[in-house]
Amino acid sequence: MPDIRILSAEEARAAIPDLSSVLADCVAGGASVGFMQPYRPDDAEPYWLEVADAVATGGNLLLVAELEGRIVGTVQVGAAQMPNQPHRGDLKKLLVHRSARGRGLARLLMEAAEREAARRGKTLLVLDTATGSDAEAIYPRLGWQRVGVIPDYALWPQGGYCDTTLFYKRLA
């Protein structure tokens with residue numbers, strides 16, 4: 001049974017090797033999550049250090065899924081918003097290592113992230129995901145509402161333009 005938990009900044013720093021492995025695997029598998037191929041776990045370390053710093057300031061929530069003591073999935077909620085948006089959070093970087101897919105980890109991570117965001121006073125979450133990706137199919141099944149598509153929003157990790165689909169979910 002997977003263990004889903006929220007990491008402190010110290011735990012996030014200690015988990016950088018596992019988090020980097022998950023991110024590098026997802027990019028190698030074609031996930032459009034901000035990074036280009038080739039992408040190695042060592043390339044991911046600066047990113048995760050920034051995430052840990054954001055966790056330390058309360059700007060980010062970092063959740064992980066563990067199987068047999070190893071981190072195989074993660075998701076973040078960007079909690080720091082402008083003064084007129086204290087009720088909103090940004091769901092970011094839902095990642096599951098390819099070796100651990102098909103076990104419901106994305107759903108468990110999303111449910112935990114939504115619960116924790118609501119506990120912290122967030123009533124609305126938003127996200128964007130690559131249009132046509134496997135990830136895009138997950139969100140409607142979890143109650144997220146599709147808003148629309150922005151063409152040529154980013155690049156696929158192997159190159160070429162990628163549209164993005166915007167979603168939102170009310171938590172209250």
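How many residues does helix α3 have, and how far does α3 reach from its first C-alpha to its last? Helix α3 (residues 41-57) has 17 residues and reaches 25 Å. That is close to the 24 Å expected at 1.5 Å a residue, the expected span being 1.5 Å times one less than the number of residues. Helices (H or I, at least four residues) and strands (E, at least two) are DSSP runs, numbered from the N terminus.

The model is predicted: local features need pLDDT of at least 70, side-chain atom pairs count only at pLDDT 80 or more, and totals for chains, interfaces and linings use all residues. Residues are numbered from 1 along each chain as its sequence is written, and side-chain values use heavy atoms, without hydrogens and water.

Helix α3 bends by about 25° at Y47 (the angle between axes fitted to the seven residues ending there and the seven starting there). Y47 is also buried, as are A44, W48, V51, A52 and V55 (under 20% relative accessible area, 1.4 Å probe, protein chains only). These buried residues pack against α1 (9-14), α2 (16-28), β2 (60-67), β3 (70-78) and β4 (heavy atoms within 4.5 Å). G58 follows α3 and has a positive phi, near 85°.

The largest pocket holds about 970 Å³ of space. A pocket is an open set of points on a 1 Å grid where a 1.4 Å probe fits, with protein on both sides within 12 Å along at least five of seven lines; lining residues have an atom within 4 Å of a point. Of the 44 lining residues, V33, L94, T129, A135 and Y139 are the closest to the pocket centre. Strand β4 gives the most to this lining, with seven residues.

Conventions
Grid points are joined across faces, edges and corners, and a volume is the space filled by probe spheres set on the points. Buried means under 20% relative accessible area, exposed over 50%, partly exposed in between (1.4 Å probe, protein chains only).
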